[in-house]
Amino acid sequence: MGSVVEYKGPKGGYHCGYCDSEEGKVSYGMWAHSLTVRDYQDLIDRGWRRSGKYVYKPVMNQTCCPQYTIRCRSLQFQPSKSHKKVLKKMLKFLAKGEISKGNCEDEPMEPTMEDAVAGDVALINKLDLQCDLKTLQESLESEEKKKGRSAKKAESNDLIQSQHTEEKLGTGEPSHSVEVHTVPKPGKGADLSKPPCRKAKEIRKERKRLKLMQQNPAGKLEGFQAHPEPLFLPKPKSNQPKSLEDLIFESLPENASHKLEVRVVRSSPPSSQFKATMLESYQVYKRYQMVIHKHPPDKPTISQFTRFLCSSPLKAENPPNGPDCGYGSFHQQYWLDGKIIAVGVIDILPHCVSSVYLYYDPDYSFLSLGVYSALREIAFTRQLHEKTPQLSYYYMGFYIHSCPKMKYKGHYRPSDLLCPETYVWVPIEQCLSSLENSKYCRFNQDPEAVDEGRSKEPDRLQVYHKKTTMPYGVYRKQQKDPSEEAAVMQYASLVGQACSERMLLFRS
């Protein structure tokens, strides 16, 4: 079965986690029983966003803090001076154990996932009866009570051994391994056992080889590598600045103080590696909520964690022309010296990597992990693009110009904002002056332009009613309640014609 959704209509008058307004938040919502990655890609390109299995879309001209979908054009991205400082800070820490004394005022901080969906939390709790992680959640609650310190130590040692087996690097540099359905295989690219530092002559030879590879796609390397090869970089110039990859994967000494590894594990359906590390990941989340968001110790529960950050409606898909790890929902785990210090929750979709949430160990706040993880996710998007050319964007969620703490997303250039009326992408530079004058803006400057993907033939909308799939034209004849037609028409206008024909709208 493909996508099945249950439209819940508009919800208003709720607390806003951005401006702290008690009842200014207004959004549409629907419960996604399942979603194909194609449908979710189309939905986020119309301003929708998910939190667990709940998918919501702000009512842009009514909500207190309009939230504009923002994407970064990752292939053209160049790190800013502040981005480079964060990357250098991480390298100094890994190489020599140096801890920067500078503050982290620019560190991005999203509201909690509950704040993001505001008053819909109660609805989510009610609907979340068939969570595919419910059994796992119960077993983890039992496991958390039973596990002693010695057991945790043994588990940690096992993880360290497995990463040594997978990497075979011997340089202490950051690495990037990916789990699919089987044990992750090392990349087949450059000789990673040798120091990554290269002379200019070697770099020129490498670029020439890469150019030949581009002309001969059949000869492309397979697998994920610690050093993503920069197929998309411009031709070298004498004064060419370092690329994002050069800065991230700069050579470290053999006796480096720390070792950082980044693993990507499928969270839904949960892979074996995800299950093995979920309890440790939850403990990081719990500390993050308590220290950063000031939650009491009993509030960040495993149930809440699985509902918002592990459970996903996205169906896992592994087409031959897709990325090696497949499409769907994943956790990008940051392992420092054998323990998890941060986790980026991401969705890998046909055209983008979509950032869902980040949580980290507050003890490592000095590393600016919010900025660092965003830069790693941009580099990861570029890496996936090498095998899957249509996947080239990094979606950062929502940009909120009226909220100072959320403006940081506009610093990852070049980036685009989604027009809330015509759903076309507009460079952020062209939007900022309008946003200074008004919270809500139509970015498309063509007054004649309309939503090209709008619902034009509502009778073709697919309805799932009484265990039967039928077009809306048939379903409508069976209904006598006028409010039902209004609700379905509203749903159709929000998801667009293509999604309304592909997705099944569940009606009781």
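1. Accessible areas here come from the Shrake-Rupley method with a 1.4 Å probe, and for residues only the protein chains shown count as cover. On that basis the protein has an accessible surface of about 23200 Å², with 51% of this belonging to carbon and sulfur atoms.

2. The model is predicted: local features need pLDDT of at least 70, side-chain atom pairs count only at pLDDT 80 or more, and totals for chains, interfaces and linings use all residues. Residues are numbered from 1 along each chain as its sequence is written, and side-chain values use heavy atoms, with hydrogens and water left out.

3. Of the 508 residues in the protein, 55% are buried (under 20% relative accessible area, 1.4 Å probe, protein chains only). Among contacts (heavy atoms within 4.5 Å) with a separation of 6 or more, 72% are between residues 24 or more positions apart.

4. The protein contains 14 helices and 16 strands; these are DSSP runs numbered from the N terminus, with helices being H or I of at least four residues and strands E of at least two.

5. Seven strands form an open sheet in the order 3-4-2-1-16-14-15, with mixed pairing (strands pair if DSSP finds at least two bridges between them). Strand 3 (49-51) and strand 15 (468-471) are the edge strands, each pairing on one side only. From one strand to the next, the twist averages 40 degrees.

6. Strand 14 (residues 462-465) runs antiparallel to strand 15, joined by four bridges. Within this pair, Val463 stands opposite Met470 of strand 15.

7. Helix 14 (residues 482-502) packs on the sheet, touching strands including strand 1 (4-14) and strand 16 (504-507). The direction of helix 14 makes about 125 degrees with that of strand 1; axes are lines fitted to C-alpha atoms, for helices over the stretch in contact, and angles run from 0 to 180 degrees between N-to-C directions.

Conventions: Buried means under 20% relative accessible area, exposed over 50%, partly exposed in between (1.4 Å probe, protein chains only).
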